[in-house]
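Me: I am new to this structure and would like to learn how to read some of its features. Could we take them one at a time?

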Amino acid sequence: MTKSWEVRLSGSGGQGLILAGIILAEAGILDGQNVVQTQSYGPEARGGASKAEVVIGPGDIDYPKVLDCDVLLALNQESCTKFTDDLKSDSVAIIDSSLVSQIPSVNGKVYPLPITKLAREEVGKELVANVVALGALVGLTGVVSRESLSNALMARVPKGTEELNTKALETGFKAAKEARTRKTTQQVS
Amino acid sequence: MTTPRLMQGNEACAEGALAAGLNFYAGYPITPSTEVTEILSRKLFENGGRFIQMEDEIASMAAVIGASLTGAKAMTATSGPGFSLKQENIGYAAMAEVPCVIVNVQRVGPSTGLATAPAQGDVMQARWGTHGDHPIIVLTPSSVSECYQLTIRAFNLAEKYRVPVIMLLDEVVGHMRERVELPSANQVEIINRKQPDAAPHQYVPFRSGYDKVPSMASFGEGYRYHVTGLVHDDDGFATTNPEIVQSHLNRLQDKILLHTPEIVDSEQVDTEDAEVVLIAYGGTARSVTRAMRMAREEGLKVGMFRPISIWPFPEEQLKLLSQRNVKFITVEMNFGQLALEVERVVGGKNAVYRANQVNGELIKPDTILDRIREVY
């Protein structure tokens with residue numbers, strides 16, 4: 001793999017985006033890649049805009065933030081509206097359709113997935129929406145290997161929650177697979 | 001080297017401090033430096049060191065000085081508003097020659113400014129924040145692994161020269177996480193303060209030899225001496241004798257001046273054929289590196305000079321570079337602070353320009369590239 005990936009995880013404070021960024025970056029390291037993870041958030045512990053960015057690639061990474069977004073995860077309306085503008089024709093956007101009602105026409109492939117709803121109803125805990133999102137994101141893009149993602153996740157989660165998190169990750173993988181096979185992707189230029 | 005892992009800049013400061021022998025930390029948490037305090041509250045406890053969350057930043061700095069006087073390797077971490085509060089006691093540490101390390105992770109100021117956003121507005125405060133001419137050393141890392149290495153170096157310099165050393169980070173570097181491989185414990189060079197040769201009753205606490213750095217006894221080991229922020233003689237007692245005052249203050253300056261060649265540190269990237277040299281430090285240097293790469297792709301010969309110690313400023317290294325016909329652009333997330341130093345050193349000989357941005361975001365490579373095209 002020689003390609004460098006620029007991934008932006010966006011939403012609001014409390015959705016676990018920074019932790020998701022950390023897990024994704026650690027999975028990148030397990031894959032033998034170089035990684036940089038940065039974040040941007042307001043002073044609030046809950047609510048407000050929150051963003052975690054991960055750059056994964058084989059070589060040195062100079063500028064640590066996202067310039068050309070390859071993969072966007074948007075977990076609320078505000079971040080969806082704000083960051084879809086930056087997408088290119090080969091970008092992938094994963095948008096939480098249970099929280100975002102208006103998806104703008106954008107470049108790239110857009111996958112509306114009910115991430116928070118899946119976490120609540122399929123996994124049984126809304127708290128793990130970030131892990132469902134990571135599963136979907138990796139399932140759709142292959143930014144890191146599934147095995148490394150799973151190992152990185154297990155190394156980070158609190159003892160006793162392994163089963164819950166594995167279920168969340170599998171739910172995300174499954175949602176990605178279904179989204180692909182159903183070809184529900186809308187390609188807008 | 002240890003196995004590669006993801007680490008945050010602030011965490012690397014904490015780990016570097018532990019590797020250097022940190023055994024006392026006093027602090028008052030403040031964004032974006034909080035992780036240093038948080039991590040050490042746990043790790044120092046596990047290591048048998050002492051951690052105290054004090055009532056404020058003033059007391060934290062005072063506790064660090066007190067601990068260092070007993071022989072501890074002591075540190076505190078803060079950001080702009082807290083750094084302002086620590087200044088009086090930083091001056092005390094400079095005057096009483098107490099080794100200590102202060103981490104300042106810069107955020108947007110003045111005042112409480114923007115708590116979670118990066119800036120580099122404390123460059124001059126780090127040098128001149130406390131009153132009176134005083135010796136100080138300031139280091140600025142631009143990567144996570146450099147946070148680790150420079151924190152170790154900060155302790156070594158503090159111990160060797162008996163001065164406060166500031167680790168000047170910005171929010172970008174403090175909060176950024178990177179893949180790092182750290183040196184194992186036996187690969188780390190550790191310098192400890194010079195202990196007195198004399199017996200307690202013969203100890204002259206502020207008498208120094210050729211290196212201008214007095215030996216330092218630890219309180220609690222039978223050595224008794226007077227510590228004061230007033231100008232003092234070799235015995236540690238206050239004096240107004242003009243000859244002694246002048247010679248004491250000269251020595252505080254000379255401690256750093258004499259050893260500047262071994263203290264200063266800088267990096268040059270692609271400067272050999274450069275027609276424009278970008279000067280940057282901390283998180284900004286990461287943007288500058290990208291901008292430089294983009295400029296090279298356009299055929300513009302651009303290099304980077306990165307001061308790693310900003311105080312003392314790597315003046316001789318910059319002077320050497322300025323002998324060629326190069327233009328300089330100092331890129332900073334402030335309104336031009338280190339630019340003043342650059343202009344002092346090479347202004348009048350070389351064309352000097354600035355690129356500045358203070359909007360709470362890391363300056364983008366495109367913005368720097370535009371400036372390069374303007375001055376090229």
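Predicted model: local features only at pLDDT ≥ 70, side-chain atom pairs only at ≥ 80, totals over all residues.

Me: How are H5(A) and H6(A) packed, and at what angle?

Reply: Two packed helices are described by the angle between their axes and the distance between the axes. Here helix H5 (residues 146–156) of chain A packs on helix H6 (residues 162–181) of chain A at about 150 degrees, and the axes are 10 Å apart. Because angles over 145 degrees count as roughly antiparallel, H5(A) is roughly antiparallel to H6(A). The crossing is right-handed.

Me: Which residues of H5(A) and H6(A) meet?

Reply: From H5(A) come Arg146(A), Ser150(A), Leu153(A) and Met154(A); from H6(A) come Glu162(A), Asn165(A), Leu169(A) and Phe173(A). By class, that contact has four nonpolar, two polar and two charged residues.

Me: How many residues of chain A are in contact with chain B?

Reply: In chain A there are 17, and they are in contact with 18 residues of chain B. On the chain A side, helix H1 (17–30) and strand S2 (34–41) are the elements that give two or more residues. S2(A) gives the most, with seven residues. That side of chain A divides into nine nonpolar, five polar and three charged residues.

Me: Which strand of chain B is joined to S2(A)?

Reply: S2(A) runs antiparallel to strand S9 (residues 177–180) of chain B, and two bridges join them. Val36(A) has Glu178(B) as its bridge partner.

Me: In what sense do S2(B) and S3(B) pair?

Reply: Strand S2 (residues 24–27) and strand S3 (residues 50–53) of chain B pair in the parallel sense, over four bridges. The chain crosses from S2(B) to S3(B) through helix H2 (residues 34–47) of chain B, in a right-handed β-α-β crossover.

Key
Residues numbered from 1 in each chain as written. Chains lettered and ligands numbered in written order. Pairing = 2+ DSSP bridges. Right-handed = clockwise from strand over helix to strand, strands pointing away. Contact = placed C-beta atoms within 7 Å. Nonpolar A, V, L, I, M, F, W, Y, C, P; charged D, E, K, R; others polar. Axes fitted to C-alpha atoms, helices over the stretch in contact; angles between N-to-C directions. Parallel < 35°, antiparallel > 145°, perpendicular 65-115°, else oblique. Left-handed = near helix turned anticlockwise from the far one by under 90°.
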